[in-house]
Amino acid sequence: MAAISDRLAHSTPKIGFVSLGCPKALVDSERILTQLRIEGYEVVGGYRAADLVVVNTCGFIESAQQESLDAIGEALAENGKVIVTGCLGSREALIRERHPEVLAITGPHDYESVMRAVHAQLAPPPRNPYLDLIPASGIKLTPRHYAYLKISEGCNHKCSFCIIPKLRGKLVSRRIDAVLREAEKLIRDGVKELLVVAQDTSAYGADIRYAGAAWRGREYRTHMTDLCRALAELGVWVRLHYVYPYPHVDDVIPLMAQEKILPYMDIPLQHASPRLLKAMRRPAGGEKALRRIQEWRRICPDLTIRSTFIVGFPGETEQDFEELLAFIKAAQLDRVGCFAYSPVAGADANALPQHVSPAEMEARRTAFMQLQADISRERLRRFVGRELTVLVDSVADGKALARSFADAPEIDGLVHVRNAGQLKPGQFARTRIVHSDHYDLHAEVS
């Protein structure tokens, strides 16, 4: 029996996998890995144990493209057989110029082409239904207790600094019943937190005219507000990412105030100067966004807002930057990322005049983040003395790293729980906040 097992293990094709980029790309990786496992391939860590390597790339900005090209080069050097997929795969000529020896190149969310490329190199092994046990929700690259729920592909915006529509195409929404069935599978497999992601979550369903579908005996539109109402019925944390501040987002705020979904939104605002926003071709102005945020917080005082901003966009003047700082002071956003403008091949913004020097961009980014650090510290102080439910991510030496409703995994702060000996990862716990700093909270179990 041992000899048969050894022979079967030796004959099983082994695939190495590298996943780069955003949560949307992570979901693509999960789907490819799930299909590999369904077909009987073994996924291994490291390059040398693998028969070939799949690299899921990012191509959003030049630094991400370079990281992807470096990862492809490393996989080639260590293994020699590499299949490339993902956003950078849309620029095959660039990849072939640097790495002509790659076996195949496919674009983003093209799972079938990836599998065809794998089949061309390694035939699927014989299936063993008793050994090929895969969760109903598929293979996940996140911890068991949270998962990304991707509701659409692509984007209809034409932001001048972005090439995502060129890489991932126009908006293609998943029907709401398919999304909700996936959410149910994830929860059955132990997920306690669903992180809703898309390129533009607020535009969900616009491409299919908000088509209706039945779920649990009720009719729902393929629309952001209906999706939130349905997900609120599942009894887990629901966190919204990549929300554009369109008027219908107002309808979601009462659900947050009623604690049916988390009072948290990730809104990529990018700037506040009307002149810069017009040059960026962004869909909302700073003053309008500020009024909306203030009204949302009137309805839901605990609303946590995360956003990202670009400094040093071509043509940004000192006055534009001061307008951005004034907006930040007025909006009092909770979680903020700031990036110096980075040109990317194919973006319309590259042709704009008056590019800001790298030194000035970095100076503005530093000033922005110093201001935001003070705002973050003041925002977090409101939690001291309060009781908060947290979701535990890890436990070690009697201490836990956890997250509250205000903390998305990997990008926001943490709740450090000091008397956590009985807690386990994936468990909800009631805590009392005893201290705060610039980005994190410190708590003890209630």
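The structure holds 0 disulfides, a disulfide being a pair of cysteine sulfur atoms within 2.5 Å. This is a predicted model, where local features need pLDDT of at least 70, side-chain atom pairs count only at pLDDT 80 or more, and totals for chains, interfaces and linings use all residues. Residues are numbered from 1 along each chain as its sequence is written, and side-chain values use heavy atoms, with hydrogens and water left out.

Cys159 is in no disulfide either, with the sulfur of Cys162 nearest, 5.9 Å away. Cys87 is buried at a relative accessible area of 6%, and Cys159 is buried at 9% (buried is under 20% relative accessible area, exposed over 50%, partly exposed in between, with a 1.4 Å probe and protein chains only).

Now the rings. Over the whole structure there are 8 aromatic pairs, counted when ring centres of Phe, Tyr or Trp (its six-membered ring) lie within 6.5 Å; planes under 30 degrees apart are stacked, over 60 edge-to-face, the rest tilted. Phe161, Phe313 and Tyr341 are linked into a cluster by such pairs.

Two rings carry a charge over the face, meaning NZ of Lys or CZ of Arg within 6 Å of the ring centre and within 35 degrees of the ring normal. Lys24 lies over Tyr242, 3.3 Å from the ring centre. The charged end of Arg239 sits over Tyr264, 4.6 Å from its centre.
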